[in-house]
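Biologist: Could you take me through this structure, one topic at a time?

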Amino acid sequence: MVLKRRVLIAVGGGIAAYKICEVVSTLFKIGVEIKVILTDSAQQFITPLTLATLSRHPAYTDDHFWQPTHSRPLHIDLGEWADLIAIAPLTANTLAKLAHGIADNLLTNTVLASTCPVLLAPAMNTDMWEQQVVQRNWQQVLTDSRFHGMHTALGLLACDRVGAGRMAEPPEIVAYVQSLLHTAGKRDLVGKQVLISAGGTREHLDPVRFIGNPSTGKMGLALAQAALHRGARVTLVHGPASWDVPLGVQAIPVMSAEQMRASMVQFLPNADMIIMSAAVADVKPQYYSKEKLAKKALPQSLPLEPVPDIVAELARLKQPHQQLIGFAAQTGDIVTPALEKLYSKNLDAIVANPIDEPNSGFGSDNNQAIFLDKQGQKREISPCSKLEMAHHIFDLLHN
Ligand code: C5P
């Protein structure tokens, strides 16, 4: 398989252009080959030199486009070269041109001279973003399946307004780029509702002390990103986390296993796929004190009681058309206990991942696993980023 990893970043003229340095720098570090186009107005905010230095390639402008020295037209060369084009920030002006097929600069000519997926990260003042004509253009562009639109965020804008129209943050753009490189723009989860649990639960003894585990929820976050980027509607029920929930994902923060159970059961009926990647505590303290216990009042031994097995309950409640996938974080032999859980908990598939291997498991950005399903499929997923692993899981669930 040829690894697709050539990304053309096209920068429009908005103040969010400065954030593209981080996108280019991060993509370069993870091995993506990058070329950059800047519109005339983008160069008012950021220089070609900055982006050429970060991308280790020339950064192209309309001056290059009109130079008579090229053997082949530059927009054709760039359009054929790119596996993916990411336009960020996408301005109202460039959006309008895309919506109407206008080609009057290097950026718009290159889009028309290419066939690869195009990722769009709009950024503009709230009133501009909410104009009927801008929203019409946005909806118009998105009717073409080659265009993948990112949500804008609510927040403080450079014009001192607080509202919609803020560009997605660089890590989210980078994740979307990685997803589209993996899927080549395939949207195989359109129309599907995916329900994911992520992170660890906390079982409190008092307001400050709890039984927990080191799960950071990064695997569940990656599953949510992958599902969203493949076109699904996503609900993410998650324990305490240090990351931002991707724009467009419905987030349900919870603390205890009981709260997680209640949310998962609530959202189960509408879900097509349910993925329990959360590390749920197995036990909780028998007694809970609403007041913080004084050190001398702490019990010498802690009576415990089991928490509900959420995935087993979901398996009892689910309909035949719903797919239920569990995770099994293990040390040593990871396959035998995972197979036992696959059948005893009545799951459709389970992802067994080692937590005693370097660079995988809790807190790591990478993972490795063995995917097992009730049809007897057994597939090894070699060490890779958690986002890539999430895509491998969705690929396997579809086969
Ligand atoms: O803890 P265990 O290894 O049994 O976890 C296997 C699967 O069961 C995971 O998908 C986990 O999210 C789920 N689980 C659960 N409720 C629990 C414990 C685990 O849903 N109380």
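**Backbone and ligand site**

Modeller: Let me begin with Ala184, which counts as partly exposed because its relative accessibility is 45% (buried means under 20% relative accessible area, exposed over 50%, partly exposed in between, with a 1.4 Å probe and protein chains only). This is a predicted model, in which local features need pLDDT of at least 70, side-chain atom pairs count only at pLDDT 80 or more, and totals for chains, interfaces and linings use all residues. Residues are numbered from 1 along each chain as its sequence is written, and side-chain values use heavy atoms, with hydrogens and water left out.

Biologist: What is phi of Ala184 near?

Modeller: Phi of Ala184 is near 55 degrees, a positive value in a residue other than glycine.

Biologist: And which residues does a cis peptide bond join?

Modeller: The cis bond joins Ala88 and Pro89, with omega about -5 degrees.

Biologist: Now the ligand: which atom of Val311 is 2.7 Å from its oxygen?

Modeller: A polar backbone atom of Val311 is at 2.7 Å from an oxygen atom of the ligand. For Phe327, a backbone N or O atom lies 2.8 Å from a ligand oxygen.

Biologist: What about the side chain of Lys341?

Modeller: An N or O atom in the Lys341 side chain is 2.4 Å from an oxygen atom of the ligand.

Biologist: How do the shell residues around the ligand divide?

Modeller: They comprise nine nonpolar, one polar and four charged residues (Ala, Val, Leu, Ile, Met, Phe, Trp, Tyr, Cys and Pro count as nonpolar, Asp, Glu, Lys and Arg as charged, and the others, Gly among them, as polar).

Technical notes. A polar contact is a pair of N or O atoms within 3.5 Å; within protein, one must be able to donate a hydrogen and the other to accept it, and residues adjacent in sequence count only if both atoms are side-chain atoms.
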